[in-house]
Amino acid sequence: MYCQHCGAQLAPDVPFCPSCGLRQPAVEGGTSPPLPGGTQLMGPVYRFQAPVGVKSRGGHWIGQGWEIVKSNLGLFMGMSLLYLVLSSCIPLVLHGPLLAGLHIACMRKIVRGKMEIGDMFKGFQFFVPTLLAALVMSAFIFVGSLFCIIPGLVVAAMYQFTYLFIVDKKMDFWQAMQASHAVVKNDYVGFTLFLVGAMLLNFLGFLCLIIGLLVTFPIVYAAITVAYKEVVGFEPGTV
């Protein structure tokens, strides 16, 4: 059991939190208890409590991403090709939903050990929030890049978990962006270097006659999904 106000762990049936001193609504039957991963259900809306002291493990996450992709390499390459074709036909509009779908496929692979090509389109169940997230994040990254490349990279790193918060916690786009930032601000440098490493990996894939990009692209998003799982955790029943 956890405090519904400050998130401190409590013994069962404790009416008051020893940390913040506030009464627990769950004891009175007022609201639902906190959900795993630092998320609380307040009516129909989630209130996310970011973990504290998180440090980036970029090399480990990219390595785990490769392990996930190589176990189903052909299917991941097909998804990458599908993303590149569809997103080039309708730039930016399909970017968010397709990436959300790729994250869903990675989540299913991690949790269930299997996935299918149709998972790529499940991101369209969250079309509006993922579209708005893509538009707003692109604008923020563009503005950050105007000042220098580094601020643009930091902004991109801040919001790298946005689509996962949308599909996993069912947040709206702005809530998801704030939650992603709350996680990354624990280690701006580490998470930015993680993103830079992922970008360099994709650049190497592009140099390999572009075909390599079909391999490196899903590795990057599998790595981000692994990072989210380790830092935040999936909600039970999401996958």
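Biologist: Where in the chain does Lys170 lie?
Modeller: Lys170 sits in the loop between α7 (162-169) and α8 (173-184). Helices here are DSSP runs of H or I with at least four residues, strands are runs of E with at least two, and both are numbered from the N terminus. This is a predicted model, where local features need pLDDT of at least 70, side-chain atom pairs count only at pLDDT 80 or more, and totals for chains, interfaces and linings use all residues. Residues are numbered from 1 along each chain as its sequence is written, and side-chain values use heavy atoms, with hydrogens and water left out.

Biologist: Why is Lys170 called partly exposed?
Modeller: Its relative accessibility is 45%. Buried means under 20% relative accessible area, exposed means over 50%, and partly exposed is in between (1.4 Å probe, protein chains only). Lys170 therefore counts as partly exposed. Lys170 also has a positive phi of about 60°, although it is not a glycine.

Biologist: How do you know whether Leu92 is buried, exposed or partly exposed?
Modeller: Leu92 has a relative accessible area of 35%, so it is partly exposed. Leu92 is in the loop between α3 (73-89) and α4 (95-112). Its phi is positive, about 70°, and Leu92 is not a glycine.

Biologist: What makes Asp119 buried?
Modeller: The relative accessible area of Asp119 is 0%, so it is buried. Asp119 lies in the loop between α4 and α5. Leaving out residues up to four places away in sequence, Asp119 touches Met79, Gly101, Ile104, Ala105 and Arg108. Contact means heavy atoms within 4.5 Å.

Biologist: How do you know that the length of α10 agrees with its number of residues?
Modeller: The expected span of a helix is 1.5 Å times one less than its number of residues. For the 19 residues of α10 (residues 213-231) that gives 27 Å, and the end C-alpha atoms are 27 Å apart, so the two agree. Of those 19 residues, 17 are buried. After α10 comes Gly233, with a positive phi near 95°.

Biologist: What span should α9 have, and how far apart are its ends?
Modeller: The 20 residues of α9 (residues 188-207) should span 28 Å, and the end C-alpha atoms are 29 Å apart, which agrees. The buried residues of α9 include Phe191, Phe194 and Leu195. The buried residues of α9 pack against α2 (58-70), α6 (149-158), α8 and α10.

Biologist: Why are α4 and α7 called roughly perpendicular?
Modeller: Their axes come within 9 Å and cross at roughly 65°. Axes are lines fitted to C-alpha atoms, for helices over the stretch in contact, and angles run from 0 to 180 degrees between N-to-C directions. Under 35 degrees counts as roughly parallel, over 145 as roughly antiparallel, 65 to 115 as roughly perpendicular, and the rest as oblique. α4 and α7 are therefore roughly perpendicular.

Biologist: At what angle do the axes of α5 (residues 127-147) and α7 cross?
Modeller: They cross at roughly 165° and come within 10 Å. That makes α5 roughly antiparallel to α7. Pro129, Thr130, Ala133, Ala134 and Met137 in α5 meet Thr162, Tyr163 and Ile166 in α7.

Biologist: How many residues of each class are in the contact of α5 with α7?
Modeller: Six are nonpolar, two are polar and none is charged. Ala, Val, Leu, Ile, Met, Phe, Trp, Tyr, Cys and Pro count as nonpolar, Asp, Glu, Lys and Arg as charged, and the others, Gly among them, as polar.
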